[in-house]
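Please open the model in the viewer and keep the sequence panel at hand. The stops below are to be selected in turn.

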Amino acid sequence: MIIKKTEVGDRGPLIDELKKLLGKKFHVEEECSIKHQEHFIKYKGRDQPDILIFYRDLIKIKEKTIEYEDKRAVVAVIDTKKAGEDITKRSHFGQLIQYLFDIKAKHGFLTNLKDVASHHLEIEKLRRKTSFSDIKDLAFWIVECITEHYGHLPIPISIERIINTLDNSMENLIFYVKSESVDVWEEILKIRDLEDEMLYKTEEEKIAARYRGAAFIALSQLLFYIVLRASRVIHEQNFDPILRRLIISNGVPNQIQSLLNDVKEDINYKAIYDYEVFPHLPDSANETLKKIIENLEGLSNELVIQHDLIGLLFQRLIPFELRKKLAAYYTKPLAAELLARLTFETGDEIVLDPACGSGTLLVHSYLQKRRLKGLNAKHHVLISEIMGSDISVFASILASVNLAIQDPGKWTNKVNIFNENAFNLPKARIERFLPKSVLEIIKKLKAQTSDGTEIVERPGLISDVVIMNPPFTRGSRLTPQERDILLNVSKIYNLKHGWRDWNLYSSFILLAPEFLKLEEKGKISLVLPYAAISTKYMEKVWEKLFKQTKLGVKYIINASLTEISFSDSSEQEMLMVLERGYLKPCKLIQLTQKLENYDIEELSKIIINLEESGNFPTDSTYFEGHQIVQNEFKAMKSREWSFSPPGILELLQRDFVSSKELDFVVIGGGNSSKPVDYFWIPNKYWELDYEADTEIIFKQTLETHKLIQNINLLKNTFPNKQIYDFYGNIPNSFSEDLKKELEIISENIWILFSKISQKKVESMLSKIPETITIPKKYLVKSLPRKLRILENQPPIFNDNYPYIFFLNYTELCKDTSEKYFIWGELLRGTLASWVCAPPRSASLFFPVKIRLNSMKTIALYSPDLLDSARVAGVIFIPANSSLQTKESMEVLFAYLTSSIFLYDYIQKGRVVSGALRQLFSTDLHSLMKFPNIRMISEEDKEIILKESKEHNSKVTLKNRPIFSSMISNALNNRESSKLRRLDEAIFKALNIPSAILDTLYKEILKELNPDRIK
């Protein structure tokens, strides 16, 4: 149909409010001329509704016309009248009805910009008059009618109310589901042992999941039936079979199943209705089922799609804890739309998502294919070109509903979503995806095994596009069965790995090319955590992938630091598009805003246009980034793929060397997970009383007093019973808090008896000293683990820096008199449980994690050697004790507090959250570069050390400004900035032009912008 645009009237405020409220999915047009040959004489060739509201995706907007074929394109007609005019006149109503019939729309409104009435062709007695004093309220009322019920519900209903209804319905259904045995539900739901092993730790969890699963499937089947029927009625297609209202079943489970069988047997949505739950529910569930049906009757597929109701179901009805165990996260619709727009080119592509979850990525693949094919898009063809699978039976049902619901009026008997482990897909049972002619050939494909048994060889799945948000599950959490499957994928690429570092998404990445058609152009589009390129073990994954496939990387898009994730995970995430045979440069794009702030269509067009222009815009408010020649990009280590233009950093570090070439220092650090016999004091139970030259005296804390009182309480209350006998048997007469504390005490004492005689333990318990004197030979002096304890120190420590002691329990055990040994056992087994990695001597270190919006230094330095636990951060250990090494360490520290290293750190540190970054010792070895300190002249070193002392030893951490303030001061106050003088000394020593310094400061300030790191 063609609608001509004409002159506009004076309805500006209402039009503006409608546009704001309806958003980008709708198009509002004022005064359009409709031509009707059959009404040409009567209407003299002109029929002009005042305001039309369209679905944007279903229309083509041209300069003078709006064109569409799908009669759903017109959402509503609004006819406006003069101020004060009676909008209930029969003539006004008749004119509006004529507009609705002519345009084939269902919903209409009459308004004089104060009073408003709503009319619908298919809902009787829906003629309401409401008055508003504010045009905004009037517009909101109209939009509420349109977006929340689309004319299919007699009463507007909010999405939150629908979700709450579904939540309550689940809980009510679970009660009746429990009337059937778990074994029955296991058979009906077809849940696999593999899924059980990954999701549920206990038998109770597994049983609860069976019940919840049965209720979930029942609810999703009801929801889809209701939406399918509503759509068929609206499109006048409710025949062969006629789908009746579910309410006629009166909620009786067997009668509901009879109605659902009409869909299963004659329309054939087997992916949704293959699980027959209702025959196993008791008739007593009828009132609950009847109420659920009443609450859901009237829901339309438009409402479900508009509010991504299926995705919300995935989030709310499948517990997040279960999805988190599989690390299977819900992809945000806007991210899915962006990825789909960047992936599909013709709309004819066959697409597969082997980890489809609720089907969000496949739905947006469907929508993008429909946009590209335009008027030629046929629902049954689009559905036939889309395949998906998920290991969770619940997710696969949701994905089936999500796809089928896109146009349920034009049903198809093939929704290609199934419940299967992705790593079985290349040889999966896929008969229902294949035409009969191919099936006949397959039946004849037989082979003889060694024992003479005949088998049928099944072809694997192939596609033009693989699109997915794979699970982020760590390899250490995988089952042995899952690991065996993944090892087969690794063998294809001749990869060896340990499960501690491996992640499930790695295997999905390597598996994806197996699904692409051989020797043809194909794409792989992914939602991945940032760790997929920033961790060391992923380097070999990408190296092997590029080496054994013809894939090139087209786009890598990093989420903005204000949004972080493209899914409901808490990971920093990115979008990646790979294409077979792609030779153009890879585009590395850093978004600067939340996705909700973008017009996704416009954003995707700008990104795609980079292909033609070949250059990144310099003034874009949408994103930042750069491109790298494909061969160079694939030759780089993945951790070197930086989203920011690397030019200035490359210039600054052109003569820098790796840490391996710094022969005066050893870099170490990181966490230690093995049990060790060091723990720190002062602690919760012992505080420092006095420090002498050779020994230290510790005294009891209030916690220790409390502990002793509780032990004595047990002894005095039950004088004839041993304390360790109370382990697991604390008397019920005690309060819950006291019982909990005494249980811990008795457990520790019980453990202690396995090592020491009862007599010694009883002696220890009766003689816990008020103070204890420990020789220093058993203690190691070390830095505190928490930086806030050091806030009264500058980055270069003075003589009074705070410290703690690590008790060396191994040395304590060597005490032949057993005096300290017994005390150590008491401390270790009864009073303290904190253990840590052995401390290591160093003079320079910085924390593993840096909070960019509050941190005031990256590195800390002591003129003397000091010990630190490896968990405290990355440490720099002098190679020897020479004066030359000491000086080199001081110069290295100066560099670590300079602006060059700050910028390098910002670029290469892993983003943990919007403001937090972390760096490990492995990063310092493989990613970071350092000045060749041995080549700096003595004169330049002297200047650097002088300026470093001024900058780093005068002001305490508590009183130092944060990074952004220091950089701003260096940029704007050249004379007073101590940081600038240090940077200038380093620039001079390294022969870097000082003119670049201001450019460096501006780049850092851009990275430290509060909008980017909040």
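The expected span of a helix is 1.5 Å times one less than its number of residues; helices (H or I, at least four residues) and strands (E, at least two) are DSSP runs, numbered from the N terminus. The model is predicted, so local features need pLDDT of at least 70 and side-chain atom pairs 80 or more, whereas totals for chains, interfaces and linings use all residues. Residues are numbered from 1 along each chain as its sequence is written, and side-chain values use heavy atoms, without hydrogens and water.

First, select residues 90-103, helix α3. Its 14 residues should span 20 Å at 1.5 Å a residue, and the end C-alpha atoms lie 20 Å apart, which agrees. Buried residues (under 20% relative accessible area, 1.4 Å probe, protein chains only) of α3 include L96, Y99 and L100. Just after α3, K104 has a positive phi of about 65°.

Next, display the open, mixed sheet of nine strands, ordered β13-β12-β11-β16-β17-β19-β18-β20-β21; strands pair if DSSP finds at least two bridges between them.

Finally, colour the chain by pLDDT, the predictor's confidence in each residue, from 0 to 100. The protein chain averages 76, and 72% of the residues score at least 70. Mean confidence is lowest in helix α2 (residues 40-43), at 33, and highest in helix α35 (residues 938-952), at 95. Where pLDDT is low, the predicted coordinates should not be read in detail.

Note on methods. Buried means under 20% relative accessible area, exposed over 50%, partly exposed in between (1.4 Å probe, protein chains only).
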